[in-house]
Amino acid sequence: MNEDIIEVRNDLINYLPKLEKGLTSILNKFKNEKESKAFSELTDALEGFTWILNVTQIIEPDLIDIFEFNEILETLLDAIENKDIETISDVIEFELIDLVIQWQEELETEE
């Protein structure tokens, strides 16, 4: 592996636990009715997912099932549009956090 790819891969490995922690924080804010702050942080998390998708397509193209991720994202975006806090929380708790953990585990087993 070339040095740049190794560095970006390490950045990804270091970022995923931070994203997991951030998603948990967002989830707690939604559950504690701090929706304005939660939506702001969720926007940041979605930007993080965009970075992850871009990076993995270059360094680990098989890491993410794009179709599965798009389905999750569509559900989340529909829930955001409808201000359906319960569905947003469910998607974060039962879909996104699980995906981030899965990606972490897959990257760690490849080291």
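This is a predicted model: local features need pLDDT of at least 70, side-chain atom pairs count only at pLDDT 80 or more; totals for chains, interfaces and linings use all residues.
**View B. Glu-33 in the loop between H1 and H2.** Although Glu-33 is not a glycine, its phi is positive, at about 60°. Glu-33 counts as exposed, since its relative accessibility is 67% and the exposed class begins over 50%.

**View C. The largest nonpolar core, with its 33 residues.** Among the members of this core, those with the most contacts inside it are Leu-23, Phe-49, Ile-92, Leu-96 and Trp-103. Two or more core residues are given by each of helix H1 (3-31), helix H2 (35-59), helix H3 (66-81) and helix H4 (85-110). The largest share of the core comes from H4, which supplies ten residues.

**View D. The surroundings of Trp-103.** When residues up to four places away in sequence are not counted, Trp-103 touches Leu-16, Phe-49, Ile-52, Leu-63, Ile-64 and Phe-69. Trp-103 and Phe-49, which touch each other in this view, are both listed with the residues that have the most contacts inside the largest nonpolar core.

Notes:
Residues are numbered from 1 along each chain as its sequence is written. Side-chain values use heavy atoms; hydrogens and water are left out. A nonpolar core is a set of buried Ala, Val, Leu, Ile, Met, Phe, Trp, Tyr and Cys residues joined through side-chain atoms within 4.5 Å. Buried means under 20% relative accessible area, exposed over 50%, partly exposed in between (1.4 Å probe, protein chains only). Helices (H or I, at least four residues) and strands (E, at least two) are DSSP runs, numbered from the N terminus. Contact means heavy atoms within 4.5 Å.
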